[in-house]
Amino acid sequence: MNLLGGLVHRPRQPAATNPGDILLTATDLVVELGGRRILDEVSLTVRAGEVIALVGPNGAGKSTLLGALAGDLVPGRGQVLLADRPIGGWTPVERAMRRAVLPQSVALSFPFTCAEVIAMGRTPWSGTSQTDQDEAVVRQAVTDCQVADFAGRAFNTLSGGERARVALAKTLAQQADLLLLDEPTAALDIRHQELVLRIAREQAAAGKGVVVVLHDLELAGAYAHRVAVLDRSRVVAEGPAAEVFTADLLSAVYQHEVEVFPHPRTGVPMVIPRRD
Ligand code: ADP
Ligand code: MG
C-alpha cells in the first residue's frame with residue numbers, strides 16, 4: 001500500500017467508542033497571548049458519556065481553553081490528545097470527524113440558508129460511506145434543535161437565539177464524538193436553554209463527550225456531570241457541582257458574594273448573588 005497516498009487521500013475514520021472511554025486529554029496547557037498568560041497549566045480529561053460544564057468569570061480563559069481543546073489554538077506548552085493521538089497529528093478533516101466546535105458567535109457574510117448551514121456540518125464526511133446518512137442526519141439535527149420553521153431562511157436574517165440553535169444543529173450534524181460548545185445558551189430563552197442542555201445530555205447518553213461553556217451556574221449544576229471552574233487562567237476546582245459549588249469558592253472566583261442553596265426538590269445547587 002502507498003502509505004503517503006493513504007494519508008493524503010483517505011482520512012482515518014474514528015474508531016467506535018464505549019461509555020467511559022477517554023476522548024480527549026489535555027495536560028498542563030500553557031497559552032500566552034500578547035505577553036499575558038491566558039492558560040496556566042490547565043489539564044482536563046473528557047470521557048464518552050459525560051457533560052462537563054466549563055464555568056468562570058469573563059476573561060477567565062474559557063474560550064481560549066475550548067480553542068486549545070479543539071486544536072484551533074496551539075498551546076505554548078502542554079499537550080492535547082484527541083482519541084489518543086496528539087491533536088496536531090490529525091489532518092483537519094480527521095480532526096473534524098472527531099470533534100465539533102460551536103463557537104461563541106457565528107457570523108456569515110454570505111446569505112446561506114439555515115438548511116445549507118446545517119448541511120455544512122457534514123463536510124468532513126464527504127467522500128466516505130457516511131454520506132448516505134447526510135439527509136437523515138441533517139433532518140434529525142433540524143428536529144432536535146427545533147429549527148424547522150426557519151430552515152429555508154437566510155441564516156443572517158435570524159435572531160441571535162435562532163442563529164444559536166441553527167449553529168448547534170450544524171455542530172450536531174457533524175456527528176463528532178466530542179462536542180465543544182462555547183456559551184450555546186447565551187442568547188436563548190428559558191425553554192431553549194433547557195432544550196440545548198437536554199440535547200447535551202442526550203448526546204452524552206448516546207456516547208458522546210460534551211464540554212460546554214456556561215455562565216448560568218444553575219444550568220451547569222442541573223445538567224453537567226462535572227463542572228470545571230476556571231479563574232484567572234487556571235482550573236481552580238473540578239468535580240460534581242454539588243461538591244464544587246460552594247459559596248466560599250464562587251464568591252472568591254466571581255469577586256461577588258453569592259449564596260448557595262440546594263434546590264428543595266432536586267438538591268441541585270442554586271447559586272444566588274447575596275442581596276441584603
Ligand atoms: P472567557 O471565554 O473566559 O471570557 P477568553 O478565553 O476569551 O475568556 O479570554 C481570556 C483572556 O485572554 C481575556 O483577558 C482576553 O482578553 C485575553 N485574550 C484572548 N485572546 C487574546 C489575544 N488574541 N490576544 C491577547 N489577549 C487575548
Ligand atoms: Mg468566552
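**A sheet, a metal site and some rings**

Hi everyone! Let's begin with the open sheet, where four strands line up as S2-S1-S4-S5 with antiparallel pairing. At its edges are strand S2 (36–47) and strand S5 (85–86), each pairing on one side only. Strands here are DSSP runs of E with at least two residues, helices are runs of H or I with at least four, both numbered from the N terminus, and two strands pair if DSSP finds at least two bridges between them.

A word on the source: this is a predicted model, where local features need pLDDT of at least 70 and side-chain atom pairs pLDDT 80 or more, while totals for chains, interfaces and linings use all residues. Residues count from 1 along each chain as written, chains are lettered from A and ligands numbered from 1 in written order, and side-chain values use heavy atoms, without hydrogens or water.

Back in the sheet, S1 (residues 22–33) and S4 (residues 77–82) share five bridges, and Thr-25 stands opposite Leu-81 in S4.

Now, which residues are the protein donors of the magnesium ion (ligand 2)? They are Ser-63 (OG) and Gln-104 (OE1), 2.1 to 2.5 Å from the ion. Donors are N, O or S atoms within 2.8 Å of the metal (3.2 Å for Na, K and Ca); water is not among the atoms, so sites may look incomplete. Ser-63 belongs to helix H2 (residues 62–70), and Gln-104 lies 41 residues away, in the loop between strand S6 (99–102) and helix H4 (114–120).

Last, the charged end of Arg-98 sits over the ring of Trp-90, 3.7 Å from its centre. That label needs NZ of Lys or CZ of Arg within 6 Å of the ring centre and within 35 degrees of the ring normal.
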